[in-house]
Amino acid sequence: MTVARRAVVDILLAEHEHLSADEVAARLSHRGIHRATVYRTLETLSGAGVLAHRQLPGGAGAYHLASDDHLHGYCAQCQSVLALPPDTLESAAELLRRTTGFRLDPQRSTLSGLCPKCASS
C-alpha cells in the first residue's frame, strides 16, 4: 500500500462521508499528494473493490469505503449525499421483479429528493 493509497483510505475512514475526488484531493493537498495521484489512487482502489464510486445526479461522483453497505440519497437542493438503510428499496425491488421481471440492483441506486434540512426550510 503506497503512501497516497493509505492517505486516501484514511481520509474516507475519518470523514464517514461520501467525498468527491476534488474533496479528497483538497483534504490531502497539505500532505504534498498531487491531485492527479489522488485521482489515480481513487480509480485503482475502486477497481480493487476497496472503495465504491457512485455517479450522482448532475454528474458529480462520490467515493466511500466499499464495506459500508447502504443506499444513497442525493439532495437536489444542497447536493449533499445521505447514507440510507440498505433495505430501503427491498419491497420496491421485489415488486418490480414480480410484475415486470426487472431485477433492480438497490446498492447501485441513488434516490434523488431533499435532505431533511432542505425539506424543512
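This is a predicted model: local features need pLDDT of at least 70, side-chain atom pairs count only at pLDDT 80 or more; totals for chains, interfaces and linings use all residues.
Q: Good to know. Which residues of α1 and α2 meet, then?
A: On the α1 side they are A7, V8, I11, L12 and E15, and on the α2 side V24, R27 and L28.

Q: What classes of residue make up that contact?
A: The contact of α1 with α2 has six nonpolar and two charged residues, with no polar ones.

Q: And at what angle do the axes of α1 and α2 cross?
A: They cross at roughly 105 degrees, and the axes come within 10 Å. Angles of 65 to 115 degrees count as roughly perpendicular, so α1 and α2 are roughly perpendicular to each other.

Q: I spotted I11 in that list. Where does I11 lie?
A: I11 lies in helix α1, which covers residues 3-15.

Q: Is I11 buried or exposed, and why?
A: I11 has a relative accessible area of 12%. Buried means under 20%, so I11 is buried.

Q: Which residues is I11 in contact with, leaving aside neighbours within four places in sequence?
A: Those are L19, R27 and L28. R27 and L28 also belong to the α2 side of the helix contact.

Q: What about V24, how many residues apart in sequence are I11 and V24?
A: They are 13 residues apart in sequence, and their C-alpha atoms are 7.1 Å apart in space.

Q: Let's move on to α3. How do the axes of α1 and α3 cross?
A: Helix α3 covers residues 35-47, and its axis crosses that of α1 at roughly 75 degrees, with the two coming within 10 Å. By the 65 to 115 degree rule, α1 and α3 are therefore roughly perpendicular to each other.

Q: Which residues make the contact?
A: From α1 there are A4, R5, V8 and V9, and from α3 there are T37, T41, L42, T44 and L45. By class, this contact of α1 with α3 has five nonpolar, three polar and one charged residues. V8 of α1 also takes part in the meeting with α2.

Q: Changing topic: how much space lies in the largest pocket?
A: About 180 Å³.

Q: How many residues line the largest pocket, and which lie nearest its centre?
A: The lining has 14 residues, and H18, S20, E23, Q79 and V81 lie nearest the centre. Two elements, α2 (21-28) and β2 (61-65), each give two or more residues to the lining.

Q: Tell me about Q79. What is its phi?
A: Q79 has a positive phi of about 65 degrees, although it is not a glycine. Q79 sits in the loop between β3 (71-75) and β4 (81-84).

Q: What does Q79 count as by accessibility, and why?
A: Its relative accessibility is 45%.

Q: Zooming out, how many helices and strands are in the protein chain?
A: There are five helices and five strands. From the N terminus on, the order is α-α-α-β-β-β-β-α-β-α.

Q: And what does the C-alpha trace span?
A: Along its principal axes, about 55 × 35 × 20 Å. The chain has 121 residues, and buried ones make up 32% of them.

How values were computed: Residues are numbered from 1 along each chain as its sequence is written. Side-chain values use heavy atoms; hydrogens and water are left out. On a 1 Å grid over the protein atoms alone, a cavity is a set of points where a 1.4 Å probe fits but cannot get out, and a pocket is an open set with protein on both sides within 12 Å along at least five of seven lines; lining residues have an atom within 4 Å of a point. Grid points are joined across faces, edges and corners, and a volume is the space filled by probe spheres set on the points. Helices (H or I, at least four residues) and strands (E, at least two) are DSSP runs, numbered from the N terminus. Buried means under 20% relative accessible area, exposed over 50%, partly exposed in between (1.4 Å probe, protein chains only). Contact means heavy atoms within 4.5 Å. Axes are lines fitted to C-alpha atoms, for helices over the stretch in contact, and angles run from 0 to 180 degrees between N-to-C directions. Angles under 35 degrees count as roughly parallel, over 145 as roughly antiparallel, 65 to 115 as roughly perpendicular and the rest as oblique. Ala, Val, Leu, Ile, Met, Phe, Trp, Tyr, Cys and Pro count as nonpolar, Asp, Glu, Lys and Arg as charged, and the others, Gly among them, as polar.
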